[in-house]
Amino acid sequence: MTGKWGSMNTIKVAVIGVGNCASSLVQGKYHYTGSNTASGLIHEDIGGYKVGDMEFVAAFDVDSRKVGLDLGEAIFAKPNCTKVFHADVPKTGTIVKMGAKLDGVAAHMLTAANDRGFEINDTRDAEKAEIVAELKNSGAEIMVNFLPVGSQEATEFYMECALEAGLGVVNCMPVFIASRPEWEKKFADAGLPIIGDDVKAQVGATIVHRVLSNLFGQRGVTIDHTYQLNTGGNTDFMNMLDRNRLASKKESKTEAVQAVIAERLADENIHVGPSDYIPWLGDNKLCFLRLEGDLFGGVPMNLELRLSVEDSPNSAAVVVDAIRCVKLGLDRKVGGALTGPSAFFCKHPPEQVTDDVAAQMTDEFIAGDVRIAAE
């Protein structure tokens with residue numbers, strides 16, 4: 001089968017970090033393969049590609065409970081705790097390989113009780129040449145970065161691997177790659193597309209906060225103060241107990257909201273970020289939002305909202321679209337950051353625009369407007 005931009009084959013994906021988000025992503029591939037329903041999808045079809053067209057050909061992790069397992073088994077291994085919505089994931093034939101730890105593992109994650117933290121494989125870290133060789137031998141076209149928050153060195157290491165192996169990238173984490181000119185130029189020069197940084201959820205805390213903030217501005221309400229408090233019980237929230245790993249995460253989430261507020265708030269009037277780790281919540285994320293503002297005549301008002309979502313499927317719904325948009329970029333030989341899709345799918349894109357504009361830009365890109373992707 002041949003489409004407008006090239007042959008319609010499977011999309012060969014490499015996953016860095018086989019955690020909860022990877023679990024939901026892989027489950028989603030099988031949930032929607034051959035399915036007659038598009039329920040839960042943002043886009044059923046992107047340039048002729050369906051969710052079931054993804055093929056996971058390489059995976060890397062450092063946890064001893066996952067390394068050496070088939071990916072179809074590893075996604076259900078501890079400490080993963082996300083909802084199982086497609087239990088009969090078959091063996092994929094892809095064995096999870098040992099990756100490189102670098103700064104990807106916070107010290108407190110090694111002492112957590114009850115299988116909630118990490119158990120590091122005692123074999124040596126894979127070297128860059130080994131990872132690049134594995135990526136090339138697997139036939140991978142796209143790398144998806146699911147490393148823990150705060151993994152600056154590790155993310156940059158894997159980005160270099162992707163560049164050397166010739167892979168497009170979906171950078172789901174708040175380590176700034178697509179939004180940093182020096183890194184974006186590397187992908188542009190290599191002719192490789194990238195979407196980033198820090199994936200938004202389908203309907204998550206940041207997207208809801210942005211929509212409400214934009215609504216206030218459109219309706220003439222001046223925002224005086226706002227906060228977003230998030231709690232959860234997965235490894236992401238446990239990892240973020242180390243506040244030293246949060247600098248880029250807080251910047252990403254805060255700027256995503258500031259970008260749509262009519263008049264930028266002073267730092268002391270906006271708080272956006274994770275608040276605490278509550279183990280029994282598992283992969284459920286609770287968000288508490290508050291916006292305070294002034295209506296007509298300077299009369300005060302406020303809005304409070306509580307949002308409860310399963311964190312990782314909420315992410316996977318966006319990642320499946322981002323993967324397919326990167327595949328279109330590869331088909332069309334578009335290198336560098338995909339501007340519209342990055343703005344629609346990520347909290348810290350190279351260019352911030354409102355979500356309705358980002359959605360339009362993404363649809364135009366999907367329809368074939370390469371200019372929207374590259375400008």
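**Cysteines, helix pairs and a loop glutamate**

With a disulfide taken as two cysteine sulfur atoms within 2.5 Å, the count comes to 0 disulfides. C21 takes part in none. The nearest cysteine sulfur to C21 is that of C172, at 7.1 Å. C161 is likewise in no disulfide. For C161 the nearest cysteine sulfur also belongs to C172, and the separation is 17 Å. The structure is a predicted model.

The surroundings of these two cysteines were then examined. C21 has 24% relative accessibility and therefore counts as partly exposed. C161 has 0% relative accessibility, so C161 counts as buried.

C21 also belongs to a helix contact. In helix α1, N20, C21, S24 and L25 meet residues of helix α9. The α9 side consists of S312, P313, S315, A316, V319, V320 and I323. By class, the residues of this contact divide into 7 nonpolar, 4 polar and no charged. Helix α1 covers residues 20-32, and helix α9 covers residues 311-331. Their axes come within 8 Å and cross at roughly 60 degrees. This angle makes α1 oblique to α9. The crossing of α1 and α9 is right-handed.

Helix α4 spans residues 152-165, and helix α5 spans residues 181-190. The axes of α4 and α5 come within 11 Å and cross at roughly 15 degrees. Angles under 35 degrees count as roughly parallel, so α4 is roughly parallel to α5. The α4 and α5 crossing is left-handed. From α4, the contact draws on E156, M159, E160 and L163. These meet W183, K186, F187 and A190 in α5. The contact of α4 with α5 holds 5 nonpolar, no polar and 3 charged residues.

E141 lies in the loop between α3 (128-138) and β6 (142-145). Its relative accessibility is 18%. The threshold for buried is under 20%, so E141 counts as buried. Neighbours within four places in sequence were set aside when listing the contacts of E141. The remaining partners of E141 are T10, I11, K12, G166, L167, G168, K327 and L330. Among them, K327 falls within the residue range 311-331 of helix α9.

Conventions:
Residues numbered from 1 in each chain as written. Predicted model: local features only at pLDDT ≥ 70, side-chain atom pairs only at ≥ 80, totals over all residues. Heavy atoms only, no water. Buried < 20%, exposed > 50% of the residue type's maximum accessible area, 1.4 Å probe, protein only. Axes fitted to C-alpha atoms, helices over the stretch in contact; angles between N-to-C directions. Helix = DSSP H or I, 4+ residues; strand = E, 2+ residues; numbered from the N terminus. Parallel < 35°, antiparallel > 145°, perpendicular 65-115°, else oblique. Left-handed = near helix turned anticlockwise from the far one by under 90°. Contact = heavy atoms within 4.5 Å. Nonpolar A, V, L, I, M, F, W, Y, C, P; charged D, E, K, R; others polar.
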